[in-house]
Amino acid sequence: MDQVRPRVAVSSCLLGEPVRFNGGHSRDRFLSGALSDCVDWVPICPEMEIGLGSPRETLRLERGPDGPRLMTRRTRADLTTPMASLATDRAAKLDVDGYVFKAKSPSCGVHGIPIYASSGAADDPEAVASGHVVDRRGRGLFAGTVIGAHPSLPVEDEGRLRDAVLREAFVERIFAVARLRSLLKSDWRPRDLVAFHSRHKMQLLAHAPGAYRGLGRIVAEAGAWPHDALATSYSEAFRTALAAKATVGRNVNVLHHCLGMISDHLDPARRADLVEVIESYQARRVALCVPVTLLRHHTRGEGAAYVRDQTYFSPYPEELGLRNHVVPW
């Protein structure tokens with residue numbers, strides 16, 4: 001099936017742009033290489049956009065009475081207001097299918113950003129001078145505003161994307177969201193949404209069986225919904241469902257569902273082969289691509305068109321090779 005190219009916001013330095021505090025970059029091989037061939041990037045560097053330039057003084061988050069403050073380390077300039085204003089403006093205009101932020105950044109970090117003691121009277125000056133960290137669970141000021149405004153947006157940082165499981169989950173989500181965006185920006189009718197949902201059933205079932213049933217109820221009454229309300233309700237539920245983790249157990253359930261739908265077209269030996277391969281995947285002996293490839297091979301007959309057309313079998317371009325890892329216990 002044809003893939004829609006996702007629009008993905010990204011910290012500019014991860015694509016190799018020399019915008020880091022030291023005048024360098026943090027080019028990520030996967031983002032600037034394989035994934036770059038399949039998506040349309042929207043590079044953003046909030047530090048450059050508020051006029052800091054590169055190279056520049058390093059920044060950090062410090063505890064403040066109304067939340068973390070973004071401060072320069074040496075000159076003690078408070079950049080909270082311009083960064084928050086930029087983040088609010090960018091979030092309001094953001095039209096993307098996902099976002100990859102720079103890890104460990106006080107502006108763009110998503111997880112575990114340290115928040116330091118401030119120089120206020122309530123803090124110990126010696127602790128400030130020694131760089132005392134009061135919280136290690138912070139989020140970058142810019143990233144926090146964007147994520148807060150778009151809670152269902154697929155978001156990761158480049159550090160977490162080095163994990164094969166997290167990488168596959170993120171890429172799968174941005175392509176699914178892109179397909180939905182493409183549909184909802186077209187001159188669609190309820191029957192088009194029903195067809196979209198039908199193609200995504202197995203993919204949704206692999207992530208969130210409960211949400212899968214809820215989405216089924218929405219599309220069953222699609223003709224009775226106001227157009228905009230239908231789009232909003234389905235979109236929110238779809239994004240939430242895909243955010244749930246696709247576990248080995250849920251994948252096994254989907255594989256058996258698909259096998260059941262084509263079983264009448266298979267002889268006993270082929271059915272036994274498929275069952276064996278699915279069991280091998282369940283036992284973490286082979287990667288998901290093995291049973292998926294074998295199942296897809298047996299869906300070429302006319303009677304198996306429904307299974308063959310499921311996005312579950314091609315959730316993103318195959319050249320990315322993201323299902324080739326064996327899931328650890």
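At what angle do H10 and helix H11 (residues 268-282) pack, and how far apart are their axes?

Guide: Bear in mind that this is a predicted model. H10 and H11 pack at an angle of about 170°, and their axes are 10 Å apart. Angles over 145 degrees count as roughly antiparallel, so H10 is roughly antiparallel to H11. On the H10 side, the residues in this contact are Val248, Asn251, Val252, Leu255, His256 and Leu259, and they meet Leu274, Val275, Ile278, Tyr281 and Gln282 of H11. Sort that contact by class and you get 8 nonpolar, 3 polar and no charged residues.

Now for H7, starting with its partner H8, helix residues 209-220. The axes of H7 and H8 come within 8 Å and cross at roughly 170°. These two helices are therefore roughly antiparallel to each other, and their crossing is left-handed. H7 brings Leu193, Val194, His197, Lys201, Met202, Leu204, Leu205 and His207 to the contact, where they meet Pro209, Tyr212, Leu215, Gly216 and Val219 from H8. By class, that contact has 9 nonpolar, 3 polar and 1 charged.

H7 also packs against H9, with an angle of about 25° and axes 10 Å apart. That makes H7 roughly parallel to H9, and H7 passes H9 in a left-handed crossing. In this contact, Leu193, Phe196, His197, His200, Gln203, Leu204 and His207 of H7 meet Leu230, Tyr234, Phe238, Ala241 and Leu242 of H9. The class count here is 8 nonpolar, 4 polar and no charged residues. If you compare the two residue lists for H7, Leu193, His197, Leu204 and His207 turn up in the contact with H8 and also in the one with H9.

The largest pocket holds about 490 Å³ of space. Its lining takes in 27 residues, and Val165, Leu166, Ala169, Lys245 and Ala246 lie nearest the centre. The elements that each give two or more residues to that lining are strand E8 (155-157), helix H6 (164-184), helix H7 (190-207), helix H9 (227-243) and helix H10 (248-262). H6 gives the most, with 7 residues. The lining as a whole divides into 16 nonpolar, 4 polar and 7 charged residues. So much for the pocket; to tie it back to the packing, H7, H9 and H10 are among the elements that line it, with H7 packing against H9 and H10 against H11.

Key:
Residues are numbered from 1 along each chain as its sequence is written. This is a predicted model: local features need pLDDT of at least 70, side-chain atom pairs count only at pLDDT 80 or more; totals for chains, interfaces and linings use all residues. Side-chain values use heavy atoms; hydrogens and water are left out. On a 1 Å grid over the protein atoms alone, a cavity is a set of points where a 1.4 Å probe fits but cannot get out, and a pocket is an open set with protein on both sides within 12 Å along at least five of seven lines; lining residues have an atom within 4 Å of a point. Grid points are joined across faces, edges and corners, and a volume is the space filled by probe spheres set on the points. Helices (H or I, at least four residues) and strands (E, at least two) are DSSP runs, numbered from the N terminus. Ala, Val, Leu, Ile, Met, Phe, Trp, Tyr, Cys and Pro count as nonpolar, Asp, Glu, Lys and Arg as charged, and the others, Gly among them, as polar. Axes are lines fitted to C-alpha atoms, for helices over the stretch in contact, and angles run from 0 to 180 degrees between N-to-C directions. Angles under 35 degrees count as roughly parallel, over 145 as roughly antiparallel, 65 to 115 as roughly perpendicular and the rest as oblique. A crossing is left-handed if the near helix is turned anticlockwise from the far one by less than a right angle, and right-handed if clockwise. Contact means heavy atoms within 4.5 Å.
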